[in-house]
Amino acid sequence: MAILGSIRPVLTAGLDGDKSWHLQDYVARGGYEMLKKVINERTAPQQIIEEVKKACLRGRGGAGFPAGNKWSFMPKDRDFSSGERYIICNSDEGEPGTFKDRDLLACNPHAVIEGMAIAAYAIGANRGVNYIHGEIFELYQRFEEALAEARAAGFIGQNILGSDFCIEIHAHHGYGAYVCGEETALLESIEGKKGQPRFKPPFPAVKGLYGRPTTINNTETLAAIPFLLKMGGEAFFKLNDSASGGTKLFSISGHVERPGNYEVPLGTPFAELLALAGGVRGGRKIKAVIPGGVSTPVLPGEVMLATRLDYEGLAEAGSMLGSGAIIVMDESVCMVAALERLAWFFHEESCGQCTPCREGTDWLYKIIHRIENGAGRAGDLDLLEKLTRNIAGRTICAFGEAASLPVQSFLKHFRHEFEYHIEHKTCLVPKDVQWAGSTFHTGSASC
Amino acid sequence: MGWQHFSHGVSVMLEIEIDGKKAAVPEGCLVIDAARQLGVYIPHFCYHKKLSIAASCRMCLVEVENSPKPVPACATPVTAGMKVFTHSPLAVEAQKGVMEFLLANHPLDCPICDQGGECQLQDLAVGYGAGRSRYCEEKRVVFKKDAGPLVAMVEMSRCIHCTRCVRFGQEIAGIMELGMAGRNSHAEIETFLGRSVESELSGNMIDLCPVGALTSRPFRYSARGWELQGRRSVSPHDALGASLLVQVKQDKVMRVLPFENEEVNECWLSDKDRFSYEALNSTERLLKPMLKQGGEWQEVTWNVALDYVAHGLKDIAAESGSDALAALTSPHSTLEELALLAKLMRGLGSDHIDCRLRQCDFSTDGQRLGAPWLGLRLNEIADLDAVLVVGSFLRQESPLLAQRLRQAAKGKTKVSLLSVGGEAPFIRLDTSVAVAPSQLAAKLAAVLKAAAEEKGASVPEALRDIVPCAETRRMAAALLVGEKKAVLLGNVASQSPFAGALHALAAQLAELTGASLGFIGEAANSVGGYLVKAVPEQGGRMFERPMQACVLLGVEPELDCADGVSAMAALKQAKTVIVLSAFKSAAALDYADVLLPLAPFTETSGTFVNCEGRVQSFQAVVKAAGEARPGWKVLRVLGNLLGLEGFEYESSEAVRDEVLGSGAAFAAGLDNGMQTKEVVLPVAVQGIERIADIPAYFADPLVRRASSLQKSEAAATPVARMAAETLKNLGLTAGDKVRVRQGQGSAELLVVADDSVPPSCVQVAGAHLATAGLGRLSGSITVERA
């Protein structure tokens with residue numbers, strides 16, 4: 001459990017680490033009140049959707065799509081006679097640097113369950129699945145326990161609280177693939193097939209899990225719902241002075257004193273969050289920050305220090321809020337080595353379905369690997385840029401952009417390091433600087 | 001994963017523009033299809049009009065107005081007012097980019113790759129790629145896979161992951177035998193562990209593969225595409241009559257490909273059609289006329305041979321009466337051969353000619369109203385609301401008909417199967433019932449009774465004691481709904497000793513439910529044989545009367561007949577046996593007195609009438625080998641030598657036009673009706689009953705000699721298949737060696753457990769030397785440990 005700090009928290013308020021996750025603790029905090037209210041008062045589903053829209057709750061998984069809008073894509077007929085309708089919670093959390101959803105599942109799983117149930121009520125779903133990535137198997141087991149508690153208490157299942165609202169929620173775990181965080185690949189995985197994304201259209205709201213209308217939301221997005229409804233959409237919106245409402249869990253890692261999860265209102269200046277996390281480790285100078293998970297463009301440290309943590313602020317700075325996974329890099333980082341590691345990740349995780357990603361990520365990695373290992377060639381940097389333009393926008397899913405943006409941004413802000421590598425066949429950042437303070441390297445010549 | 005992209009009911013037409021050309025196309029149409037309609041070709045690999053959309057190759061990316069990203073034409077439905085640009089700078093850049101990526105890991109094998117010259121990757125690289133690739137890294141290697149003797153997967157590094165082969169297995173063949181394993185650039189197309197590719201349609205994957213990853217193993221390294229001349233022909237095997245493109249180099253048939261014919265075989269071929277050509281160049285080809293004199297075989301000239309035959313026939317007719325003359329002809333013979341042989345025999349005064357070699361129940365002879373046929377056109381199958389198939393090993397008898405049923409079953413068609421088990425048809429069946437062959441009629445009677453009860457119609461007296469089970473009620477119910485229904489009888493039914501009863505029951509069921517009745521058909525010219533009266537007019541069983549002279553046309557009776565043992569016995573006591581065949585077999589050298597070399601279908605002009613009654617004529621594609629002659633010519637000359645009238649034909653077309661009338665696309669005289677529909681239900685067989693499937697690759701003399709097909713799993717030596725329960729009752733286990741006995745014959749076989757075989761039955765394939773000694777293809781059989 002790594003929720004280390006917060007500023008006016010909402011989702012993580014009142015938690016006793018990961019010891020207060022049981023149903024009775026959640027209820028003691030006011031949990032399931034909103035679900036009860038919505039059912040007992042027979043709140044119009046459209047009204048709930050309106051509140052979510054008023055709150056300007058944007059998807060917390062990385063894409064930032066407004067949740068209220070997504071919910072209104074579901075067919076309005078709520079006809080279950082032809083089959084099921086699904087609410088899916090995407091807890092695949094594969095974006096490197098992101099580890100907030102696992103803490104939500106560890107510390108506040110019932111918020112996720114209540115959020116899923118209310119979402120199901122609002123969009124007309126009768127079945128829910130929480131897709132949890134297989135690497136956090138114990139938390140998948142914990143979520144199953146939480147589901148059992150919720151079922152026993154009658155908050156999920158058939159005819160909840162004596163109404164005709166039914167929502168069966170299941171947990172499903174993945175087997176270790178980043179691409180299964182992509183919503184349609186996630187659906188394929190649940191269906192027992194290879195986690196390869198589907199082309200869109202058709203969209204999941206029309207043809208999703210098993211061909212049925214489906215809405216997929218991130219863990220944090222769904223966990224926010226009960227709190228959003230409790231305070232009302234407008235109040236949620238006003239929790240910060242940003243253009244979209246609410247707080248955000250940021251997973252901050254890398255060269256900071258206290259890497260972990262922090263819940264702060266959107267729009268909080270990065271400098272404030274960095275201070276909360278204890279600042280750059282050892283008081284070193286900040287060099288670069290990846291602000292929203294490795295598929296978002298890297299920013300130079302000084303730029304990041306002047307940026308507010310919201311969608312608009314980061315877009316203005318030339319990057320994206322993404323999943324809120326912040327990776328801080330200090331001056332000991334060789335940016336070429338860092339990009340090599342990222343390129344390797346994208347090459348490994350490509351599902352292999354479509355040509356630009358399957359071959360492109362392989363090619364990108366090979367070039368960057370050569371550059372890092374002293375075999376770079378004169379035209380490599382231009383070639384890298386040109387290749388990324390042939391990958392991004394040409395693929396079935398956003399993986400193409402995810403693999404391309406890091407390369408483009410590293411070259412944009414740190415091109416001199418790459419040029420140095422090609423010319424001198426070694427890192428610009430001296431090896432002893434790279435290894436100083438590292439618990440990994442013990443001074444041998446090979447990297 | 002495809003999606004239904006056509007709206008139901010009347011299509012709305014949308015105005016769109018492609019490359020400046022305006023058109024109106026139906027709503028739901030894909031950009032790539034709309035473009036094709038306008039004559040604009042959009043490059044693609046993974047898209048195929050018969051397969052689901054993958055949209056993964058990205059070669060078809062085109063620019064669409066108001067979209068910053070290019071869109072895949074194969075997965076994008078048209079919208080009103082859409083403007084598509086297939087050659088804009090963005091589209092061209094996308095195409096070049098994708099092509100460069102495809103070539104990145106692709107080995108530069110063109111000089112040694114079979115696909116060279118007929119390779120989509122080559123063609124699109126030239127047409128849509130950049131002039132050179134900037135890839136200067138290592139290429140990944142993929143190791144070869146074993147996919148059996150037909151489809152070569154030796155150079156899988158060439159694979160571009162279009163997944164057409166995967167989708168073909170899942171969707172067309174009905175069994176997924178290849179899949180993409182792994183991830184990223186190490187993703188590979190593989191077979192399942194320990195399995196190879198065994199579908200009877202697997203050869204189509206060779207056509208589908210756009211590169212040289214899946215190639216034809218028999219054809220490997222033998223010729224370049226541009227060296228081959230393509231000539232059209234028609235399949236001589238099953239009753240579907242697929243259109244062929246036979247490719248020839250220096251007068252030798254090198255390869256057979258499908259000729260696209262949407263009405264018949266669409267763009268597919270069964271493996272039998274595709275690979276049987278190897279038999280044409282077999283060392284077993286009979287190349288010179290031969291005569292047995294004093295127990296010794298001698299090669300003679302045609303004149304000598306035909307003279308001998310003519311005299312032989314005349315002498316025996318004079319001595320023993322024309323009743324002692326008989327002719328057996330293969331239903332794979334051309335229409336002209338069948339017609340002239342029939343004319344010849346009748347000219348000599350004999351009615352004893354038959355092409356229905358594996359039939360043993362002739363009770364409908366004299367009752368039929370016309371030539372039995374499929375009862376509907378092949379392209380009407382998709383429109384059926386329901387179809388009941390009775391007594392068929394669908395995938396062996398007519399793989400492409402089975403494929404049409406497979407696709408229909410995915411739509412609105414309810415396909416039910418009432419048969420003898422032993423084969424997974426890979427069709428989503430509404431109901432499936434498997435019974436012992438002698439109980440097939442009783443079960444069909446139950447469906448009839450259920451339908452009658454459902455409809456409130458009177459039940460035939462003979463069915464009084466029958467109690468329909470839930471499945472037969474379901475089959476009946478399906479046939480009572482909707483407009484277009486069909487009841488189809490397969491070869492198990494027509495070869496059954498109770499074929500007459502099955503025909504009568506099916507006819508009554510069809511009439512009661514308003515369904516069409518039809519026969520799947522046993523061979524390329526089963527329908528043709530009836531039309532030209534190559535069947536006895538007065539009915540009867542060929543081998544039950546002693547014959548003194550027998551003419552065999554394209555037949556190997558020990559393997560091709562309903563009771564090979566009886567057939568051989570009858571031949572042995574005949575005075576003279578005249579064999580016209582493309583092959584000389586050891587058996588023929590024994591029982592024959594004359595061997596006349598026949599030109600197979602590639603070396604003669606001729607006609608096949610398929611199960612729809614479709615008249616399909618073809619020309620020879622190569623010169624006849626050795627001294628082989630077209631059968632129609634041999635019979636014409638023989639007719640002259642015998643002094644018979646009406647044997648003056650100058651061409652095979654003249655023969656065809658005489659029997660069918662000229663210019664007919666479909667033959668007349670097709671009728672599945674019967675004069676009487678009385679039913680006598682057969683008595684069930686006691687003890688263990690034999691089910692004799694005729695494996696596709698044993699079914700006719702040509703395919704038996706196709707070397708690559710004979711190496712496949714489907715051509716393995718017959719075994720004794722029984723359900724686990726049956727095995728237990730007999731005290732046997734899988735892997736035991738058993739001796740099976742029928743009548744005077746026996747065979748030693750290995751035991752295989754197969755729960756799809758009905759209880760108290762053993763499935764022992766026919767048409768194979770290992771089991772030919774058993775004689776009859778049905779009836780009771782004993783099984784004991786060997």
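Start with the crossing of α14(A) and α17(A), which is left-handed (that is, the near helix is turned anticlockwise from the far one by less than a right angle; clockwise would be right-handed). To see it, select residues 335-349 of chain A for α14 and residues 399-424 of chain A for α17. Helices here are DSSP runs of H or I with at least four residues, numbered from the N terminus. The two pack at an angle of about 160°, with axes 9 Å apart; axes are lines fitted to C-alpha atoms over the stretch in contact, and angles run from 0 to 180 degrees between N-to-C directions. α14(A) and α17(A) are therefore roughly antiparallel, the term for angles over 145 degrees.

A word on what you have open: this is a predicted model, where local features need pLDDT of at least 70 and side-chain atom pairs count only at pLDDT 80 or more, while totals for chains, interfaces and linings use all residues. Residues are numbered from 1 along each chain as its sequence is written, chains are lettered from A and ligands numbered from 1 in the order written, and side-chain values use heavy atoms, leaving out hydrogens and water.

Staying in chain A, pick E188(A) in helix α8, residues 183-190. Is E188(A) buried or exposed? It's buried, at 8% relative accessible area; buried means under 20%, exposed over 50% and partly exposed in between, using a 1.4 Å probe and protein chains only. R198(A) is 10 residues along in sequence from E188(A) and 8.1 Å away, C-alpha to C-alpha.

Hop to chain B and select α11 (440-455) and α12 (470-479), whose axes are 8 Å apart at an angle of about 60°. That makes α11(B) oblique to α12(B). Their crossing is right-handed. Look for A446(B), V447(B) and A450(B) among the α11(B) residues that meet α12(B), where M475(B) and A476(B) are included.

Last stop: the largest nonpolar core, 106 residues, with F45(B), F168(B) and V253(B) among those with the most contacts inside it. Such a core joins buried Ala, Val, Leu, Ile, Met, Phe, Trp, Tyr and Cys residues through side-chain atoms within 4.5 Å. Helix α10(B), residues 399-410, gives the most, with six residues.

Technical notes
Angles under 35 degrees count as roughly parallel, over 145 as roughly antiparallel, 65 to 115 as roughly perpendicular and the rest as oblique. Contact means heavy atoms within 4.5 Å.
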